[in-house]
Amino acid sequence: MCTRAVSTLAHVLEEAGLATVALVSNREQALRAHPPRALFADFPLGRPLGRPSDPAFQRRVLDAAFALLDAPATPLLVDFPEVIRDRADEPLACSLPSRHDSG
C-alpha cells in the first residue's frame, strides 16, 4: 500500500482512538504524507522487517516500531538505526516462480 494511503488510514484510525505505527521504506514519501507515527527502515523493497529468516533482527524492528506508540500522535518519523543494502545474490523474502514457467 502506498505511504499516502497508509497515512490517511492511520489518521482515520487515530481519530477513532486507535494508535497506529507505519513501517515505511521510502523516507521522502513519508515526509510528504505525514503519518502520525512512522518507522523508516532503510531495507530493500519487499523486506519491511529486514533480513529473511532472522527472527531476532525482525523482533528488533517490531520493538522499535511498537516503542513509537508511547509518542504523541503528531507527524513523527523515526529512522531505524540499522541499514540493509540489497545484494543481488541474496534471494527475495517472498520469491515468486517465473511467470512463463512451462513446467
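Biologist: Let me start with the term: two residues are in contact when they have heavy atoms within 4.5 Å of each other. What share of the contacts with a separation of 6 or more comes from residues 24 or more positions apart?

Modeller: They account for 62% of those contacts in the protein. This is a predicted model, where local features need pLDDT of at least 70 and side-chain atom pairs count only at pLDDT 80 or more, while totals for chains, interfaces and linings use all residues. Residues are numbered from 1 along each chain as its sequence is written, and side-chain values use heavy atoms, leaving out hydrogens and water.

Biologist: Thanks! How many helices and strands does the protein have?

Modeller: Three helices and three strands, in the order α-β-α-β-α-β along the sequence. Both kinds are DSSP runs numbered from the N terminus: helices are H or I with at least four residues, strands are E with at least two.

Biologist: Which way do strand 1 and strand 2 run?

Modeller: Strand 1 and strand 2 run parallel, joined by three bridges; DSSP must find at least two bridges for strands to count as paired. L23 stands opposite L39 of strand 2. Strand 2 also pairs with strand 3 (residues 76–79) in the parallel sense, over four bridges, and there F40 stands opposite D79.

Biologist: And which hand do the β-α-β units have?

Modeller: Strand 1, helix 2 (residues 27–33) and strand 2 make a right-handed unit, whereas strand 2, helix 3 and strand 3 make a left-handed one. Right-handed means that, with the strands pointing away from you, the path from the first strand over the helix to the second runs clockwise.

Biologist: Let's look at helix 3. Which of its residues are buried?

Modeller: F57, V61 and A65 are buried in helix 3. Buried means under 20% relative accessible area, exposed over 50%, and partly exposed in between (1.4 Å probe, protein chains only).

Biologist: Why do they line one face of the helix?

Modeller: Down the axis of helix 3, its buried residues fall within an arc of 80°, so they line one face; the arc is taken from the directions from the helix axis to the C-beta atoms. An α-helix has 3.6 residues a turn, so residues three or four places apart point the same way. The face turned away from the buried side carries the exposed residues P55, R59 and F66.

Biologist: What covers the buried residues of helix 3?

Modeller: The cover includes strand 1 (22–24) and strand 2 (37–40). In strand 2, R37 and L39 point one way and A38 and F40 the other, and all are buried.

Biologist: Which residues make up the largest nonpolar core?

Modeller: These nine: L39, A41, F43, F57, V61, A65, L68, F80 and I84. A nonpolar core is a set of buried Ala, Val, Leu, Ile, Met, Phe, Trp, Tyr and Cys residues joined through side-chain atoms within 4.5 Å. Another core of five residues lies apart from it, with A22, V24, A30 and A38 among them.

Biologist: New topic: why does E14 count as buried?

Modeller: E14 counts as buried because its relative accessibility is 18%. E14 lies in helix 1 (residues 3–15), and, beyond residues up to four places away in sequence, E14 touches A19, T20, P36, R37 and A73.

Biologist: Last one: which residues is R60 in contact with?

Modeller: Leaving aside neighbours within four places in sequence, R60 is in contact with R51, F80 and E82. R60 lies in helix 3 and is partly exposed, with a relative accessible area of 38%.
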